[in-house]
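Biologist: Please take a close look at the site of the ligand in this model. Which residues surround the ligand, and what space does the ligand take?

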Amino acid sequence: MHYPEYRPRRLRQNENFRRMIRETTLTVNDFIYPLFVTFGKNVKKPIASMPGNFQLSIDHLVKEVKSARDLGIPAVILFGIPETKDEVASGALGDKGIIQQAVKAVKDAVPDILVITDLCLCEYTSHGHCGILDGHVVDNDATLQVLGETAVSQAKAGADMVAPSGMMDGQVLAVREALDESGYEHVPIMAYSAKYASCFYGPFRDAAESTPQFGDRKAYQMDPPNSDEAMREITLDVEEGADIIMVKPALPYLDIIRRAKEEFDLPLAAYNVSGEFAMIKAAANLGWIDETRAMMEALISIKRAGADMILTYFAKDAAKLIV
Ligand code: PBG
């Protein structure tokens, strides 16, 4: 193809031509909407670094999930903020846990939307790390035990899918076995397979009050320069029984999303994380970019890279534009 025979501008000259040759489309089916649930009643506490997002008590959470459902969003993912945290993440499990109660309430009130539970201990530990500590090191295998029990308690509360996000070795296998042993073999696992030790989680940690009290997560989350290692991580999760694989964050890791799409058959999720959201909000707030266009361009880029679904705080705003 050469100029002047081929002139790409011919098919770009108006919106109808552009619509006809558009290669990627975003639909409301693509979105998973993350929500933060906290204890108490009538709480709707704004998260400063994530405008439009709140820590919600269960009563408000139910309303928010209904509005997502009304927009056609197929799924929410819930993060819990317990009343008290301790060394061993006791608040993560048990019927009285914040997430278990939230799942139950949401499934009762809004049965026709999927409820996914984030499965990690960092929201429940006093030290803010994603597992059980042995000194200053996260004890991998001791953590697996607690993750298995937590997964079962979430499934028992009615979770439609669990999403282990702690980057412990063997976590997908441990969760799969625990679920199967308790009769939850029908509950799928969305595995945070290639999750990087990213600064873009900053706003989320304010929201979930889960900033590590010492050190960082680099000893369990992935090193940003690595791509081959991401493929090895995903291979492990696939072999351990993941139903959906995930790359996280999304925008700085579009190359990883593309590779994962090409190398694996499973449905692929990408997490458009809190920092990616906050940057667009902040720049828009200063009048430096057009928020709506930046949001849609970011989301379509994640889809174009190969994601089949996107976890995003923009889910409702984007859904309103699409439907
Ligand atoms: C829990 C978890 C985190 C996020 C999702 N699950 C935080 C972290 O790993 O520190 C981040 C999501 C976001 O930034 O939007 N481990």
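Modeller: The model is a predicted one. In it, 20 residues surround the ligand, and the closest are Lys195, Arg205, Lys248, Ser274 and Tyr313. The side chain of Gln221 has an N or O atom 2.9 Å from an oxygen atom of the ligand. On its own the ligand has 400 Å² of accessible area, and the protein covers 100% of it. Strand 9 (190-195) and helix 6 (202-208) are the elements that give two or more residues to this shell. By class, the shell comprises eleven nonpolar, three polar and six charged residues.

As for the space itself, the structure holds four cavities of 30 Å³ or more, and the ligand takes the space of the largest cavity. That cavity contains about 110 Å³. Its lining consists of 16 residues, with Cys122, Ser165, Lys195, Phe204 and Lys248 nearest the centre. Strand 9 and helix 6 are again the elements that give two or more residues, here to the lining of the largest cavity. Eight residues of this lining are nonpolar, two are polar and six are charged.

The second largest cavity holds about 80 Å³ of space. Among the residues that line it are Met167, Asp169, Tyr192, Glu233 and Glu240. Helix 5 (171-181), strand 9 and helix 7 (228-240) each give two or more residues to this lining, and helix 7 supplies the largest share, four residues.

Definitions and conventions. Residues numbered from 1 in each chain as written. Predicted model: local features only at pLDDT ≥ 70, side-chain atom pairs only at ≥ 80, totals over all residues. Heavy atoms only, no water. Near = heavy atom within 4 Å. Polar contact = N/O pair within 3.5 Å; in protein donor to acceptor, adjacent residues only side chain to side chain. Areas by Shrake-Rupley, 256 points an atom, 1.4 Å probe, with all protein chains shown as cover. 1 Å grid on protein atoms, 1.4 Å probe; cavity = no way out; pocket = protein on both sides within 12 Å on 5 of 7 lines; lining within 4 Å. Sits in = over half its atoms within 2 Å of the grid points. Nonpolar A, V, L, I, M, F, W, Y, C, P; charged D, E, K, R; others polar. Points joined across faces, edges and corners; volume = space filled by probe spheres on them.
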